Amino acid sequence: MTVWVKFIRYIIEHHDKVLLYTEQHLYISMIALALGFAFCLPVGIWLTRHERYAPIVIGAANVAETIPSLALLGFLIFIFGIGDANAIAALFLYALLPMLQNTYTGIKNVDRSLIEAGRGMGMTDWQILTMVELPLARPVIVAGVRVASVWTIGTATLAAAIGGGGLGRLIFAGLATIRDDIMLAGAVPAALLALLADWTFAAVERWITPRGLRVQQHGVGKAKARRKMGGEVKA
Amino acid sequence: MTGEEMTNGLMVVFDHVSKVFPDGTRAVDDVNLRIVEGEFVVLIGPSGCGKTTTLKMINRLVDPSSGTIYFKDRDIAERDPVELRRQVGYVIQEVGLLPHLTIAQNIAVVPRLLKWSAERQRVRVDELLRMVGMDPAVHRRRYPHELSGGQQQRVGVLRALAADPEIVLMDEPFGSLDPITRGQLQDEFKKLQSEFHKTIVFVTHDMDEALKLGDKIVVMQQGRVVQEGAPADLTGRGASAFVRHFIGERRMVGDPSLVAIGQWLESRAQALSRLPVIDLAAGARSACAQLARAGAEFGLGVDPDGCWVALVAAATLAADAADLSGAIREDAPAVSVADPLKAAAERLIAEDCPWVVVLDRDRRPLGVLGRSQVLVALVETMWPESGREEVKGR
Ligand SMILES: Nc1ncnc2c1ncn2[C@@H]1O[C@H](COP(=O)(O)OP(=O)(O)OP(=O)(O)O)[C@@H](O)[C@H]1O
Ligand SMILES: [Mg+2]
């Protein structure tokens, strides 16, 4: 029997277990991602208003990124003990950099003249943020979330090493017992989850890109959009 | 000036206003201005002279370092900037349409901030689009990048007019356009203005545009107002050297049928070849001696008043002859400094002559311009940057 047949058999026989771990995996990653986003959006915006702190804060997120995952997980045991909380905390720290960086640069890169136009027309600071900066920075911000989601799902396999749940359990079990089929039963769904997240956020990115910008980026879409509009007019 | 001194009908008053930026740049230096209701005021001057800064102080995008600005009798420093800006139309130098909003949404930004009903916004947008000849059915749902440059600039202007402000600030609104579209928009805008009589403060560095649109032109240089007045005052005798230079310089770029020969010569006086001026009444002997002294083949013949009569050719001039008539060439082409460059070129072609005599306004001859000089003048006028290099290289 080849390893793939054994792998499929394992999945069928233990589908409840695989499903449970997939669920845990997703749960750990998404909680970390959501917490990370909830932190990065306001902090990223705040940094665009207090630029001298930007190198410090983004630098700190960068440092967190460079700590080896296992070392970070081990270190966090002293704070969070053993289990999911520890894993979520570590993943949260990993997810910060791409989201913080993209929120910050996405907003900073909005054309100054558009902000000036908004202010000149009598927008308040809040209105400039919500009517000009965020709509224009949105695609960049979501791209950051997309990168973070793939990293998080990948790294979440290590949660099992410190007593957390997730597909890492199967991988570590497989490694410990030298059973390729069990290891694959953890690794393959984890890879698929990462791909799925990537694909989903790519779709979100496209979907939330304002139409006026979307058409601009893809030359082909332009003619199409024109035709469509012409059609609407005639109808 | 105090509040009581101000009479009705004054829209904006600058009272000893200066702006020094934190880096020490003195962008606006002790400016005093009175802008009357319904007046079209043009701020003009070279790049960096403080036009944009002056404009932005009116809607408090920039606050003065010293001095006071009044908007309808009230010191604007006491007003809420956000509320003030919603009452003041503003066309920024970079057009600045929001790329993620449709044309209709772009035009309706201020009405939306003022919480107009959706229906009222829609009616207003359609009305404005029609005013500039853009079919609302076609254009309201388009995005800025789907419009031509000229249409974008139009929308930028409409956006400033949307909430019907009493005063509109326009920073080089037609700046980035080709001359034809630019002219079109100027005409259109002039027509709009004649219907609405808004108070407009308009920044440009194009003197033709200023003369065409403005009721009052304010010329700035290094943060100061160096002259202000109606277009006629400015082009007339009263102008300072700087203003004359600025007008001359600016008017040079462009059309050789508009640029006078004298204007071009102002910057290139050495282009004119000097020839001996010969008083024909003094006789052939004197003429001959003068030409020999100057080593010239030709002389410019004048009457006793110094006015141009005809050309004198040394070759056909007999030293002993009492009569000059054989040496005189009355068909030599002559143009006045007031004539356009184009006229000089036309004379050269028509007379098939290698040069043309240039006369001053009193018809006294100044010298001659050769064919190549006229060509240089045409090139430099039409292509101010490239022309000089090419011609020099020859
Ligand atoms: N925010 C700023 N900080 C420092 N200096 C500034 C600032 N804004 C403008 N300046 C300087 O003030 C001077 C006047 O600038 P301003 O933009 O008013 O010129 P302008 O007449 O509008 O020029 P242009 O025709 O090029 O638009 C310039 O020297 C400019 O560099
Ligand atoms: Mg400017």
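Analyst: **Chain B: loops, ligands and rings**

B:Lys115 counts as exposed, at 71% relative accessibility (buried is under 20% relative accessible area, exposed over 50%, partly exposed in between, with a 1.4 Å probe and protein chains only). Before going on, keep in mind that this is a predicted model, where local features need pLDDT of at least 70, side-chain atom pairs count only at pLDDT 80 or more, and totals for chains, interfaces and linings use all residues; side-chain values use heavy atoms, leaving out hydrogens and water. Residues are numbered from 1 along each chain as its sequence is written, while chains are lettered from A and ligands numbered from 1 in the order in which they are written.

Back to B:Lys115: you'll find it in the loop between α4 (109-113) and α5 (118-131) of chain B (helices are DSSP runs of H or I with at least four residues, strands runs of E with at least two, numbered from the N terminus). Its phi is positive, about 65 degrees, although B:Lys115 is not a glycine. Most residues other than glycine have a negative phi. B:His197 is another non-glycine with a positive phi, near 50 degrees. B:His197 sits in the loop between α8 and β8 of chain B and is exposed, with a relative accessible area of 54%.

Now for the ligands. Ligand 1 is surrounded by 14 residues, the closest being B:Ser47, B:Gly48, B:Lys51, B:Thr52 and B:Thr53 (near means a heavy atom within 4 Å). Helix α1(B) gives the largest share of that shell, three residues. Look at the polar contacts next (N or O pairs within 3.5 Å). B:Ser47 brings a polar side-chain atom to 2.4 Å from an oxygen atom of ligand 1. For the side chain of B:Lys51, the distance from an N or O atom to a ligand 1 oxygen is 2.7 Å, and for that of B:Gln93 it is 3.0 Å. On its own, ligand 1 exposes 640 Å², and the protein buries 64% of that (Shrake-Rupley areas, 1.4 Å probe).

B:Gln93 turns up again at the magnesium ion, ligand 2: B:Thr52 (OG1) and B:Gln93 (OE1) coordinate the ion at 1.9 to 2.6 Å. The two residues come from distant parts of the chain, with B:Thr52 in helix α1 (residues 51-58) and B:Gln93 in the loop between β6 (88-91) and α3 (103-107), 41 residues apart. Donors here are N, O and S atoms within 2.8 Å of the metal (3.2 Å for Na, K and Ca), and water is not among the atoms, so the site may look incomplete. B:Thr52 is partly exposed, at 21% relative accessible area, and so is B:Gln93, at 35%.

On to the rings. The structure holds eight aromatic pairs over all chains (Phe, Tyr or six-membered Trp ring centres within 6.5 Å; planes under 30 degrees apart are stacked, over 60 edge-to-face, the rest tilted). One of them is B:Phe40 with B:Phe202, tilted, at 5.5 Å centre to centre and 45 degrees between the planes. Here strand β3 (residues 40-44) supplies B:Phe40 and strand β8 (residues 199-204) supplies B:Phe202, 162 residues apart. B:Phe174 and B:Phe189 make an edge-to-face pair, 6.2 Å centre to centre with 70 degrees between planes. B:Phe174 lies in the loop between β7 (167-171) and α8 (179-196) and B:Phe189 in helix α8, so this pair ties together parts 15 residues apart in sequence. B:Phe40 and B:Phe202 are both buried, as are B:Phe174 and B:Phe189. Ring pairs link these four, B:Phe40, B:Phe174, B:Phe189 and B:Phe202, into a cluster.

Methods:
A polar contact is a pair of N or O atoms within 3.5 Å; within protein, one must be able to donate a hydrogen and the other to accept it, and residues adjacent in sequence count only if both atoms are side-chain atoms.
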